[in-house]
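Here are some worked exercises on reading a protein structure. Try each task yourself before you look at the solution, and take the steps one at a time.

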Amino acid sequence: MKNSLRMLALSVAAAALIAGCAKKDDKAAAGNAALETDAQKFGYAIGVDLGKSLQPVKEDVDLAALKAGLDDAFAGTAPKMDDAAREEIKNTVAKKMQERQLKQREEQATKNKDEGQKFLEENGKRDGVKTTASGLQYEVITEGKGAHPKATDTVTVHYKGTLINGEEFDSSYSRGQPVSFPLGNVIPGWTEGVQLMTPGSKYKFYIPSDLAYGERGAGVKIGPNQVLIFEVELLSVGEPKEDKSAQ
């Protein structure tokens, strides 16, 4: 709630500044404002930033009423709403925002789950795709040699991760550098899948959401209940190094 209130307060303040920058009779002129002086350029830059910050509450703000509040504050006249009333409405709108965001996330989670299940059902029928008892799907692109890693091992890999629509969300190839990590410290689909590989192997994994990030998702790019696809190249396997910093 505090974060929503903070965002609401910042957004409303942004709208106030934007609304106050132009008079009602001067909207056309404001839209074509010259950007010649430093003050004009600075004002426009701030306006763009503040306008973006207003996006989360644009459905909840009446700009005419906001302008009236700004005028009263600048004129030093008594506000039409006292401190308690203003705080109450900010709390009310913040709660509405949270409820709307929660509903949208729940709808997205249901949509992602349905689409993911349909994708996995069809994908599992393809030649070369194998499905484990957990529901993890994989196909072998290149088979390597040597010992399979254990969950307690540290592995070094190259990988690319995409959503089922083909959108890439992460890639060590793009960064130009492989990554090393303890195999037991990653999502269950990785821990299980990489143990099927040997050094030099390249597999493609189709990871159900319950073996990935589940309902919580991860960051901005991975939503709730999303199936993830990884192309993984196992470069090497080594025992975990002792962490002396913890001693």
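**Exercise 1. In this predicted model, which residue forms a salt bridge with glutamate 59, and which parts of the chain does the pair tie together?**

Step 1. Start with the idea behind the pairing: side chains of opposite charge can pair when their charged atoms come close.

Step 2. Now look at the distance. The closest N and O atoms of glutamate 59 and arginine 100 are 3.9 Å apart. A salt bridge needs a side-chain nitrogen of Lys or Arg within 4 Å of a carboxyl oxygen of Asp or Glu, so the pair qualifies.

Step 3. Check the surroundings. Glutamate 59 is exposed because its relative accessibility is 63%, and the cut-off for exposed is over 50%. Arginine 100 has a relative accessible area of 24%, so this residue is partly exposed.

Step 4. Widen the view. A network of salt bridges links Glu59, Asp60, Lys96 and Arg100. The count for the model comes to 13 salt bridges.

**Exercise 2. Is glutamate 139 buried or exposed, and what are its partners?**

Step 1. Begin with the side chain. Glutamate 139 forms a salt bridge with arginine 126, and their closest N and O atoms are 3.0 Å apart. This pair links distant parts of the chain: arginine 126 lies in the loop between α5 and β1 (130-131), glutamate 139 lies in strand β2 (residues 137-142), and the two are 13 residues apart.

Step 2. Compare the accessibility values with the cut-offs. Glutamate 139 is buried because its relative accessibility is 16%, and buried means under 20%. Arginine 126, with a relative accessible area of 36%, is partly exposed.

Step 3. Turn to the strand pairing. The bridge partner of glutamate 139 in β6 is lysine 204. Strands β2 and β6 (residues 202-207) run antiparallel and are joined by five bridges.

Step 4. Look at the other neighbour of β2. Two bridges join β1 to β2, and these strands also run antiparallel. Here lysine 130 stands opposite tyrosine 138 in β2. The two strands form a hairpin with five residues between them, and glycine 135 in the turn has a positive phi of about 105°.

**Exercise 3. Where is histidine 158, and which residues does histidine 158 touch?**

Step 1. Find the element: histidine 158 is in strand β3. This strand (residues 154-163) pairs with β4 (residues 168-171) in the antiparallel sense, over three bridges. In that pairing, serine 171 in β4 is the bridge partner of lysine 160.

Step 2. Look at the turn. The hairpin of β3 and β4 has four residues between the strands, and its glycine 166 takes a positive phi near 90°.

Step 3. Decide on burial. Histidine 158 has a relative accessible area of 14%, so this residue is buried.

Step 4. List some contacts. Leaving aside residues up to four places away in sequence, histidine 158 touches several residues, including Ser172, Tyr173, Pro178 and Glu233. Histidine 158 and glutamate 233 are 75 residues apart in sequence, yet their C-alpha atoms are 5.1 Å apart in space.

**Exercise 4. How many residues does helix α4 have, and which residues in α4 are buried?**

Step 1. Count and compare. Helix α4 (residues 63-75) has 13 residues and reaches 18 Å from its first C-alpha to its last, close to the 18 Å expected at 1.5 Å a residue.

Step 2. Pick out the buried positions: Leu66, Lys67, Leu70 and Asp72. An α-helix has 3.6 residues a turn, so residues three or four places apart point the same way.

Step 3. See what follows the helix. Just after α4, glycine 76 takes a positive phi of about 75°.

**Exercise 5. How many helices and strands does the protein have, and what share of its residues is buried?**

Step 1. The secondary structure comes to seven helices and seven strands.

Step 2. Buried residues make up 31% of the 247 residues.

Step 3. Finish with contacts. Among those between residues at least 6 apart in sequence, 72% join residues at least 24 apart.

Terms used: Residues numbered from 1 in each chain as written. Predicted model: local features only at pLDDT ≥ 70, side-chain atom pairs only at ≥ 80, totals over all residues. Heavy atoms only, no water. Expected span 1.5 Å × (residues − 1). Buried < 20%, exposed > 50% of the residue type's maximum accessible area, 1.4 Å probe, protein only. Pairing = 2+ DSSP bridges. Contact = heavy atoms within 4.5 Å.
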